Amino acid sequence: GLRVDEALSRVDEALHDAALDGAGSVRLIHGKGTGALRSAIREFLSGHPLAVSAQDGEGPGGDGVTVVKLE
């Protein structure tokens with residue numbers, strides 16, 4: 001239910017928190033919807049210094065989840 005700018009701010013916070021905690025990956029649940037939020041998040045991740053890769057989640061969430069591998 002977030003707008004793109006709000007979601008990207010939360011994604012950035014989540015990546016920084018996970019990196020500080022030493023996590024190797026993060027699962028971002030953005031839902032399926034129209035795909036606009038998923039596209040915006042993945043574009044944001046492509047230029048993020050902490051994100052090594054971003055892929056669809058597996059299982060029931062599928063493309064409503066993005067799995068981000070961290071540096």
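User: Which element supplies the largest share of the lining of the largest pocket?

Analyst: In this predicted model, that element is α1, with five residues of the lining. Helix α1, β1 and α2 each supply at least two.

User: What makes a residue part of that lining?

Analyst: A lining residue has an atom within 4 Å of a point of the pocket. The largest pocket has 13 such residues, and the closest to its centre are A7, I29, H30, L37 and I41. The space in this pocket is about 220 Å³.

User: How many residues of the lining are nonpolar, polar and charged?

Analyst: Ten are nonpolar, two are polar and one is charged.

User: Why are L8, V11, L15, A18, V26, L28, I41, L45, L50, A51, V68 and L70 called a nonpolar core?

Analyst: A nonpolar core takes buried residues of types such as Ala, Val, Leu and Ile, joined through side-chain atoms within 4.5 Å. Buried means under 20% relative accessible area. These twelve residues make up the largest core of that kind, so the name applies. The elements giving two or more residues to this core are α1 (4-21), β1 (25-29), α2 (36-46) and β3 (65-70). The most, four residues, come from α1. As a general matter, nonpolar side chains in soluble globular proteins tend to be buried together.

User: What is V26 in contact with, beyond its neighbours within four places in sequence?

Analyst: V26 is in contact with L15, A18, T66, V67, V68 and L70.

User: Which residues of β1 are on its covered face, and which on its uncovered one?

Analyst: V26 and L28 form the covered face of β1, while S25, R27 and I29 form the uncovered one. Both V26 and L28 also belong to the largest nonpolar core. I29 is among the residues closest to the centre of the largest pocket.

User: How do you know that β1 and β3 pair?

Analyst: Two strands pair if there are at least two bridges between them. Within β3, L28 stands opposite T66, and the bridge partner of I29 is V65.

User: What makes β2 a partner of β3 as well?

Analyst: The condition is again at least two bridges. Strand β2 (residues 51-56) pairs with β3 over five bridges, in the antiparallel sense, and therefore meets that condition. A51 stands opposite L70 in β3, and A51 and L70 are both in the largest nonpolar core.

Key: Residues are numbered from 1 along each chain as its sequence is written. This is a predicted model: local features need pLDDT of at least 70, side-chain atom pairs count only at pLDDT 80 or more; totals for chains, interfaces and linings use all residues. Side-chain values use heavy atoms; hydrogens and water are left out. Buried means under 20% relative accessible area, exposed over 50%, partly exposed in between (1.4 Å probe, protein chains only). Contact means heavy atoms within 4.5 Å. On a 1 Å grid over the protein atoms alone, a cavity is a set of points where a 1.4 Å probe fits but cannot get out, and a pocket is an open set with protein on both sides within 12 Å along at least five of seven lines; lining residues have an atom within 4 Å of a point. Grid points are joined across faces, edges and corners, and a volume is the space filled by probe spheres set on the points. Ala, Val, Leu, Ile, Met, Phe, Trp, Tyr, Cys and Pro count as nonpolar, Asp, Glu, Lys and Arg as charged, and the others, Gly among them, as polar.
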